[in-house]
Amino acid sequence: MAKKNGSISYKCNNCGYTQPRWLGRCPECGEWNSLEEIIIDKNNVSPAGRGNEAVEKQRPVGLATVQAQENTRLSTGIGEFDRVLGGGATKRSAILLGGEPGIGKSTLLLQTAASIAGAGASVLYISGEESAAQIKERADRLELNCKGINILCTSRLEDSLDALDSLNPIFVIIDSIQTIYSAEAGIIPGTVNQLKYCANEFISWVKERDCVLIMTAHVTKEGTIAGPKSLEHMVDTVISFERNSDDIRFLHAQKNRFGSVDEIGIFSMSEKGLEPVINPASLFLTKRKENQPAGVACTPVFEGSRVFLVEIQALTVPAKASVSRIYSEKIDSGRVARVAAVIEKRCGLCFSDQDIYVNVAGGIKLSESSIDAALAAALYSARTDIAVKNGTAVFGELSLAGEIRPVTKTKQRIKAAESLGFTQILSPSDEGNNGISDIKTLIKTLFR
């Protein structure tokens, strides 16, 4: 009988025979009680002409009876990439990788493809931006083994889906999703309808197979992924690829359904491609032969499971036209304003008539509350032109009342600082060799 959402039929789970009425015995194979209800749904066929109209009727099951899958991770062969993904790429998942042009997205994915193919898995690299010769030239320059990597240079969705069906790869790369289009959604790539339609087709294909899908995406001037926000909701993991002014690249997850978003991957760009930074603990410290200048303070910060020692730099100059401003990209300007206000209130040092410039050496962005004490030390040092003593590290959260509050993982921070030669470590805990309880104690200890 015709239903609102389609017609009901019955299909034999033994031989596949289909008929409109239920029978106790299959007329084709003679199996008893093998006919199951299915729905003939015209909407189940995609506009591209793919799929099957007959779908099984889904019924709820008890969550306790569901068997959890094991060995669902696929290693990319690149340790820093696996770290950001939470231990490797999860099978039947879709990953969106965003980054500005020329940052190294295609290089990273080609290196990943070569590593996975070298482990015996089949890889399909779909490029809508480059020719096969250009990709091969890059692979030769990086001295990569291309065996096991299949290249498809097209912008048509239908060609890509046909290749997926014929090759059935384990790892799929779409570079980039903004270049893929389907005639059913228009002929102009990159529109909202094209992005949602094409991404949904790829994701639907991957969800039915033990496969991993990575799609690269363009970014806007603000550094966010271009296109509809729904594209980020459709995928399982969203990864941002950033860089500082040097050859250092940062890889971190903005969304991850299968792991933490706190981990950060660090790479250096060289002639041989992207190389993981093995020991980044001191990467963001400036090497000086002389005493450090005023306006500089060092602090240990946690990014995921690792400790980095970073250098916070501050500069204050008289405000122009009596309107003070804060210029800070790597630390939230609201945090800078709050710390400056606490110093002004609790220590009597005026910042309201100053323009404040704040930077972090190495270009890493800092957001955790443990940097408050070091930021306060850098601001006070910049305003008074008195330098913090060499070999000093500071960390702790600053409250509006001027208290220096304890933070997590104090022992690990102190150990990391000591291993890099810091002899004076100021923290709000007794674990440090100098305990500090408030902003006044911090200032007196640092600047006497």
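Select Arg92, in the loop between strand E7 (89-90) and strand E8 (93-99); helices (H or I, at least four residues) and strands (E, at least two) are DSSP runs, numbered from the N terminus. This is a predicted model, in which local features need pLDDT of at least 70 and side-chain atom pairs count only at pLDDT 80 or more, while totals for chains, interfaces and linings use all residues. Residues are numbered from 1 along each chain as its sequence is written, and side-chain values use heavy atoms, with hydrogens and water left out.

Although Arg92 is not a glycine, its phi is positive, about 60°. Its relative accessible area is 31%, so Arg92 counts as partly exposed (buried means under 20%, exposed over 50%, partly exposed in between, with a 1.4 Å probe and protein chains only). Most residues other than glycine have a negative phi, and most peptide bonds are trans.

Next, pick Asn168 in the loop between helix H4 (157-167) and E11. Asn168 is not a glycine either, yet has a positive phi of about 50°. With a relative accessible area of 44%, Asn168 is partly exposed.

Now move to the peptide bond between Asp175 and Ser176: it is cis, with omega about 0°. Ser176 sits in the loop between E11 and helix H5 (192-207).

## Second stop: inside strand E11

Select Phe171, which belongs to strand E11 (residues 171-175). Is Phe171 buried or exposed? Phe171 is buried, at 0% relative accessible area. Not counting residues up to four places away in sequence, Phe171 touches Leu74, Thr112, Ile116, Ser122, Val123, Leu124, Cys211, Val212 and Ile214; contact here means heavy atoms within 4.5 Å. For a distance check, draw a line from Phe171 to Gln134: the two are 37 residues apart in sequence and 21 Å apart in space, C-alpha to C-alpha.

Which residues have the most contacts inside the largest nonpolar core? Highlight Ile312, Ile331, Ile343, Leu366, Leu379 and Leu442, in a core of 46 residues. Such a core is a set of buried Ala, Val, Leu, Ile, Met, Phe, Trp, Tyr and Cys residues joined through side-chain atoms within 4.5 Å. Elements giving two or more residues to this core include strand E14 (248-256), strand E18 (306-318), helix H7 (333-347), helix H8 (372-384) and helix H10 (439-447). The largest share, nine residues, comes from H8.

Zoom in on Leu379. Neighbours within four places in sequence aside, Leu379 is in contact with Ala314, Val336, Val339, Ala340, Ile343, Phe351, Ile356 and Val358. A second, separate core has 32 residues, among them Ile95, Ile116, Ile214 and Ala253.

Then select Thr299 in strand E17. Thr299 counts as buried, at 0% relative accessibility. A polar atom of the Thr299 side chain lies 2.7 Å from the backbone oxygen of Val394. Among the residues in contact with Thr299, leaving aside neighbours within four places in sequence, are Phe308, Ile312, Ser370, Val394 and Phe395.

How many salt bridges does a search of the whole structure find? The search finds 19, each being a side-chain nitrogen of Lys or Arg within 4 Å of a carboxyl oxygen of Asp or Glu.

Show Arg83 and Glu263, whose side chains meet in a salt bridge (3.7 Å, N to O). Arg83 lies in helix H1 (residues 79-85) and Glu263 in the loop between E14 and E15, so this pair ties together parts 180 residues apart in sequence. Arg83 is partly exposed at 27% relative accessible area, whereas Glu263 is buried at 14%.

Go on to Arg138 and Glu130, whose side chains meet in a salt bridge (2.5 Å, N to O); both residues are buried. Asp140 forms a salt bridge with Lys136, with the closest N and O atoms 2.7 Å apart. Asp140 and Lys136 both lie in helix H3 (residues 132-141), four residues apart, about one turn of the helix. Asp140 is partly exposed at 44% relative accessibility, and so is Lys136, at 41% relative accessible area. To finish, select Glu80, Arg83, Glu263 and Arg306 together: salt bridges that share partners join these four into one network.

Terms used. Polar contact = N/O pair within 3.5 Å; in protein donor to acceptor, adjacent residues only side chain to side chain.
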